[in-house]
There are 2 protein chains.
Amino acid sequence: MLGNFTYCNPTKLYFGKDALDGLNEELPKYGKNVLLVYGGGSIKKNGIYDKVVAILKANDKNVYEDAGVMPNPTSDKLKEGIERAKSAKADLILAVGGGSVCDYAKAVSVSVNCNDDAWDKYFIRFEDVTCDIIPVGCVLTMVGTGSEMNGGSVITNHAQKLKIGHVFGENVFPKFSILNPEFTYTLPKYQMVSGIYDIMSHILEQYFSGEDDNTSDYIMEGLLRSLIHSANIAVKNPTDYEARSNIMWIATWALNTLVAKGKTTDWEVHMLGQAVGAHTDATHGMTLAAVSMPYYRYIMPYGIKKFARYAVNVWGVNPDGKTEQQTAEQGLAAMESWMKSIGLVMNITELGATEDMLDGITESTLIMDGGYKVLDKSEIRAIYKKSL
Amino acid sequence: MLGNFTYCNPTKLYFGKDALDGLNEELPKYGKNVLLVYGGGSIKKNGIYDKVVAILKANDKNVYEDAGVMPNPTSDKLKEGIERAKSAKADLILAVGGGSVCDYAKAVSVSVNCNDDAWDKYFIRFEDVTCDIIPVGCVLTMVGTGSEMNGGSVITNHAQKLKIGHVFGENVFPKFSILNPEFTYTLPKYQMVSGIYDIMSHILEQYFSGEDDNTSDYIMEGLLRSLIHSANIAVKNPTDYEARSNIMWIATWALNTLVAKGKTTDWEVHMLGQAVGAHTDATHGMTLAAVSMPYYRYIMPYGIKKFARYAVNVWGVNPDGKTEQQTAEQGLAAMESWMKSIGLVMNITELGATEDMLDGITESTLIMDGGYKVLDKSEIRAIYKKSL
């Protein structure tokens, strides 16, 4: 646990089959005007919308709507959301959906009282929020991003071909989140599997950093083993409650700041995946999966000890009689084989990327410096080439 | 993650060598009157007292003192603390010490505005707190109890021969805690080792419960492996910063409600140990160590699958060619051998208990029902007999 750090995560979580009842405890804490934010309308088909609105009405709230939040929320949509929140005089923004909806709700919440161009201020200049924030609550219907218990928000600007994530401070974290694993049952398998890999990638981005051997690494090994175990059950039986509930819980703890403590953290896989996403609009988790194996095989020599430990402690590789490199390679092979077995997309071609797009994708890829190897643009392009 | 639950832990942690600087961020949030609570005066010898008082003065606080909190704080001392907090008109109670001091500060904080006998109301009748609470902050100098980030408070009533823990809600959690691993360096080795086993016991009390296979179990296996790893380093070199910082961090996460999610949790070892403590005033962690092996060997058949998993995932026992029972027994043997190697007290005789005290100790032992076997009083007495 080297270094100085602070930890504070005030988000209240309501978890389980009756989690939505938590709304009745939370709503009285806020004013009358609630901006209900959601996506393409799947919550109207599966009945969650009706349940939420009934609870809002029973708590005597004025319900304003901001629908149509897309999987990769755009800066244009953000502008629309700001106007809606302003005209509703929203006292609470209630996001009902997955990570994109929750990310978007946070972006709106910090922008309403910000007199500058919020995209420019928060997502380009990465400034801290100093203006008043509208509190956000989440009803989660899709897992993966951890957005329900952190300050993360990813917004895409199509004109600039940029998909940028900003991590806001604890004042922007959702005040509460409702986590009912059953709400995730109706999600198509492609989205479920994509979310599972998003979770795994969040853990690996933090795990593969630093030479130290701290408690965060041990916690992450536990989370990874639990995730692999439950993912194997969920892909066979998507309505296995225990498996889906574990996956939901792991997603939250993979990215609520805890396991980053004492770690430098990498996030280059996310930069690679997000650049692919900005050019193809492909599903986030799948973009991460499609670039991961070429990336990890490339950086493995620079963090060989950790990759060998990963092989043994997460994938059960027996290191007896093997070199560190052989152990590490066997771990990555086990990971690749598992990724294929659960149905992840293993190349960016399948996501719509073509060779002639690589220069542009490379150009818009941010370079991170917390992992085992700081890449240059030619290395990034080579990784994309191998990902085709 | 079976069942419905809520999770909320608002305590802000300042961690690391500069953690005390966090006081300057926290103190302005509270009124002028600070009740400084501490123990036997070791903080005056090691300089922590002077540092804390200097920061309080620099923040223009009126400092009132309540010293002499004993290792097992008593209901008599609690009455004294209530009077001191009242006469100081305390706006903040700042606990500087280990778990006992922090536990005591919480007991005072909930009792000052409680017009009943607080011992009777909270520690006998286990009522929720409805009166105004004085906020508590902690500067931790000894690790083990997790009191710095939870609502736990253990108070001993000598007249009634009762040592009782109450777990208060999140409103009673410390508002902030200062965790500087270097502050734990001057602790005698006996206390350090006792704290390490207290941490381990907290994890095991939660791990050895339920037939389910949830994420909490995986996180706990990670915490246990990290604890064993760092304890082995710390007993050889008590000023190894990385080891001591990991132990401090694990202690916090072992008992801040996270790993209990989805578990029934046992706590019978704590009931056994606390009864020994109430009759001998022995160090808490040592009382737990002294009764653990007879307890776990007795309940092992009732949770055999989990004990076998524990052997493999925590102690690295190779299960090939062994029955579940053989694997489980080998795990407990590895645990026992490790406990001896770090210097834990392995019997209650060494702690001052004698055979003629066993009836009384048995009498005051509470029976819990969340573990693999609900004990009756004759079973409890038999476990104490084996612990002599």
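Two strands are taken to pair if DSSP finds at least two bridges between them. Helices (H or I, at least four residues) and strands (E, at least two) are DSSP runs, numbered from the N terminus. The model is predicted: local features need pLDDT of at least 70, side-chain atom pairs count only at pLDDT 80 or more, and totals for chains, interfaces and linings use all residues. Residues are numbered from 1 along each chain as its sequence is written, chains are lettered from A and ligands numbered from 1 in the order in which they are written, and side-chain values use heavy atoms, leaving out hydrogens and water.

**View 1. Strand S4 of chain B and the strands it pairs with.** Strand S4(B) (residues 92–97) is joined to strand S5(B) (residues 136–140) by five bridges, and the two run parallel. In this pairing, B:Val96 stands opposite B:Val139 of S5(B). Five bridges also join S4(B) to strand S2(B) (residues 33–38), again in parallel, with B:Val34 opposite B:Leu92 of S4(B).

**View 2. Burial of strand S4 of chain B.** Six of the six residues of S4(B) are buried, so the strand is largely enclosed by the rest of the structure; buried means under 20% relative accessible area (1.4 Å probe, protein chains only). In a regular strand, side chains alternate between the two faces of the sheet. B:Leu92, B:Leu94 and B:Val96 point one way from S4(B), while B:Ile93, B:Ala95 and B:Gly97 point the other way.

**View 3. Packing of helices H10 and H11 of chain B.** H10(B) (residues 268–280) packs against H11(B) (residues 284–299) at an angle of about 125°, their axes 8 Å apart. Axes are lines fitted to C-alpha atoms, for helices over the stretch in contact, and angles run from 0 to 180 degrees between N-to-C directions. H10(B) is therefore oblique to H11(B), oblique being what remains after under 35 degrees (roughly parallel), over 145 (roughly antiparallel) and 65 to 115 (roughly perpendicular). The contact (heavy atoms within 4.5 Å) includes B:Leu272 and B:Val276 of H10(B) and B:Leu288 and B:Val291 of H11(B). Its residues divide into seven nonpolar, seven polar and one charged. Nonpolar denotes Ala, Val, Leu, Ile, Met, Phe, Trp, Tyr, Cys and Pro, charged denotes Asp, Glu, Lys and Arg, and polar denotes the others, Gly among them.

**View 4. Packing of helices H7 and H11 of chain A.** An angle of about 45° and an axis separation of 7 Å describe the packing of H7(A) (residues 189–207) with H11(A) (residues 284–299). H7(A) is therefore oblique to H11(A). Among the contacting residues are A:Tyr197 and A:Asp198 of H7(A) and A:Met286 and A:Tyr296 of H11(A). By class, the contact has eight nonpolar, five polar and two charged residues.

Notes
Buried < 20%, exposed > 50% of the residue type's maximum accessible area, 1.4 Å probe, protein only.
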